[in-house]
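Please brief me on the model below, with the cut-offs stated for each term.

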Amino acid sequence: MTSLPSLLGDLDPTSDRAVFRQIADQLREAIDRGRFKEGEKLPSEAELVEHYGVSRMTVRNSFSILQGEGLVHAEHGKGVFVRPRPPVRQLASDRFARRHREQGKSAFIVEADAAGSHPQVDSLEVKEEKASQDISTRLGSVRRVLARRRRYLLDGKPVEFATSYLPLDIARGTQIAEPNPGPGGIYARLEELGHHLDHFEEEIRARMPSPTEVKTLRLASGVPVIHLIRTAYDTAGRAVEVCDTVMAADAYVLSYQLPAT
């Protein structure tokens with residue numbers, strides 16, 4: 001390993017920033033600059049104690065900050081390692097374009113193809129249920145819906161899970177209610193049923209995940225999620241689907257084109 005003085009700087013005794021935070025700052029910068037590669041072990045507690053002249057608890061507090069940010073992970077008895085970052089995938093603005101449905105591709109397959117990744121869907125559940133107040137309002141005061149829940153994986157790694165809610169008068173007894181809705185996904189089936197899609201509205205926010213979301217998406221400590229709620233409207237102005245999606249924030253970049261006029 002390259003000597004620590006060349007990888008890490010010195011502490012600033014005149015700074016009002018806590019020592020453990022200064023150490024975390026220097027380790028973070030070293031990771032960002034590639035001085036410590038993905039999967040590489042960071043200097044040990046003993047090495048950092050000697051380099052900085054601080055206590056083990058101070059070093060451990062520094063590691064805790066980096067773990068909370070999702071930059072590193074600890075392996076018992078082995079040390080602290082730089083966490084591999086999943087490849088970033090663009091969530092493009094044209095993923096729901098009709099041309100993709102006509103080619104038999106769902107939006108997720110479009111994204112996977114663009115990333116050169118292998119898409120999978122698991123944890124699939126399709127059932128009729130009572131609509132929550134929020135979903136009912138978004139769908140025009142419907143009382144019951146068909147809910148389609150699924151988890152999406154790329155190259156075997158969970159990246160998002162979503163639930164689509166559709167009015168029963170549209171979805172009941174159709175292929176939409178089947179586990180496999182067929183080529184092009186549920187949007188292709190909606191258009192075959194006469195509900196030609198006109199536009200989508202999306203609400204996006206970032207937040208920290210719930211314990212269930214951490215488990216479902218296998219998130220590292222400190223990794224937030226993107227919570228996206230999309231409503232699909234047909235050409236008659238009717239809301240025909242609401243999709244509630246939670247995505248691992250370190251796996252996606254939102255990419256949009258905005259008109260100048």
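**Accessibility and salt bridges**

Glu-29 has a relative accessibility of 37% and so counts as partly exposed (buried means under 20% relative accessible area, exposed over 50%, and partly exposed in between, with a 1.4 Å probe and protein chains only). This is a predicted model, in which local features need pLDDT of at least 70, side-chain atom pairs count only at pLDDT 80 or more, and totals for chains, interfaces and linings use all residues. Residues are numbered from 1 along each chain as its sequence is written, and side-chain values use heavy atoms, with hydrogens and water left out.

**Salt bridges**

- The structure holds 19 salt bridges (a side-chain nitrogen of Lys or Arg within 4 Å of a carboxyl oxygen of Asp or Glu).
- Glu-29 forms a salt bridge with Arg-33, and their closest N and O atoms are 2.9 Å apart.
- Arg-33 is exposed, because its relative accessible area is 56%.
- Glu-129 has a salt bridge to Arg-149, with 2.9 Å between the closest N and O atoms.
- Because Glu-129 lies in strand β4 (residues 119-130) and Arg-149 in strand β5 (residues 144-154), this pair ties together parts that are 20 residues apart in sequence. Helices (H or I, at least four residues) and strands (E, at least two) are DSSP runs, numbered from the N terminus.
- Glu-129 also forms a salt bridge with Lys-127, where the closest N and O atoms are 4.0 Å apart.
- With a relative accessibility of 14%, Glu-129 counts as buried, whereas Lys-127 at 37% counts as partly exposed.
- Arg-149 is partly exposed, with a relative accessible area of 22%.
- A network of salt bridges links Arg-17, Asp-25, Arg-28 and Glu-69.

**Strand pairing**

- Strands β1 (residues 72-75) and β2 (residues 79-82) run antiparallel and are joined by four bridges (two strands pair if DSSP finds at least two bridges between them).
- Val-72 has Val-82 in β2 as its bridge partner.
- The two strands, β1 and β2, form a hairpin with three residues between them.
- Gly-77, in the turn of this hairpin, has a positive phi of about 80°.

**Aromatic pair**

- The count comes to one aromatic pair. Rings of Phe, Tyr and Trp (its six-membered ring) pair if their centres lie within 6.5 Å; planes under 30 degrees apart count as stacked, over 60 as edge-to-face and the rest as tilted.
- The ring centres of Tyr-187 and Phe-200 are 5.3 Å apart and the planes are at 55°, so the pair is tilted.
- This pair links distant parts of the chain, with Tyr-187 in helix α9 (residues 185-192) and Phe-200 in strand β7 (residues 197-207), 13 residues apart.
- Tyr-187 counts as buried at 7% relative accessibility, while Phe-200 counts as partly exposed at 26%.

**Helix α4**

- Met-57 is located in helix α4 (residues 56-68).
- The relative accessible area of Met-57 is 49%, so Met-57 is partly exposed.
- Met-57 and Phe-20 are 37 residues apart along the chain, and their C-alpha atoms are separated by 8.9 Å.

**Confidence**

- The chain has an average pLDDT of 88, and 92% of the residues score at least 70 (pLDDT is the predictor's confidence in each residue, from 0 to 100).
- Confidence in the chain is lowest in strand β3 (residues 89-92), at a mean of 63.
- Helix α7 (residues 133-138) has the highest confidence, at 97.
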